[in-house]
Amino acid sequence: MKKFLSLMGIIAALCSCSAEEASLKGNSYQLQDAENNAVVVLAFAEEEPRYYGVVVNRYFGTYETDGNKIKFGPAGSTMMMGPQGEMEVEQKFLQTLPEVAEYKLEGENLTLTTQDGRKLNFFKIVHTE
């Protein structure tokens, strides 16, 4: 009986990790309170572990999750010019993504936490691209 209960616990833990990751997939979020009135969008592809988004330029990359841990790979991006303030926000955001260590989903909100404890708060949006 103990073996059966242990097996059920392992299955439940595996399912909860998959469900949490699946809830990232196919969703788009906007950074709350971005500096310089910038609109920072972060989206997660439906089927592959890829992220993408836009500030001034479109950016894209891959990510990995393990429970609530997340690792963003290097971002590629287009190279268009835009308003200086928005360009600064974009550069800072893309430099911060590789420093993110954890994520938390609460309802319509996503929080990314860096290795040094900084938090990036997002709200879910409907994003079509």
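1. A word on the rule to begin with: rings of Phe, Tyr and Trp (its six-membered ring) pair if their centres lie within 6.5 Å. Planes under 30 degrees apart count as stacked, over 60 as edge-to-face and the rest as tilted. By this rule, the count in this predicted model comes to 8 aromatic pairs.

2. Take Phe-44 and Tyr-63 as an example. Their ring centres are 5.1 Å apart and their planes stand at 80 degrees, so this pair is edge-to-face. Phe-44 belongs to strand S2 (residues 41-44) and Tyr-63 to strand S4 (residues 58-66), so the contact ties together parts that are 19 residues apart in sequence.

3. Are these two residues buried or exposed? Phe-44 is buried, at a relative accessible area of 1%, and Tyr-63 is buried too, at 3%.

4. Phe-44 also forms an aromatic pair with Phe-72, and here the geometry is tilted: 6.4 Å centre to centre, with 40 degrees between the planes. This pair links distant parts of the chain, as Phe-44 sits in strand S2 and Phe-72 in strand S5 (residues 69-72), 28 residues apart. Phe-72 counts as buried, with 3% relative accessibility.

5. Which residues do the ring pairs link into a cluster? The members are Tyr-29, Phe-44, Tyr-51, Tyr-59, Tyr-63, Phe-72, Phe-93 and Phe-122. Both pairs described above fall among these residues, through Phe-44, Tyr-63 and Phe-72.

Technical notes: Residues numbered from 1 in each chain as written. Predicted model: local features only at pLDDT ≥ 70, side-chain atom pairs only at ≥ 80, totals over all residues. Heavy atoms only, no water. Helix = DSSP H or I, 4+ residues; strand = E, 2+ residues; numbered from the N terminus. Buried < 20%, exposed > 50% of the residue type's maximum accessible area, 1.4 Å probe, protein only.
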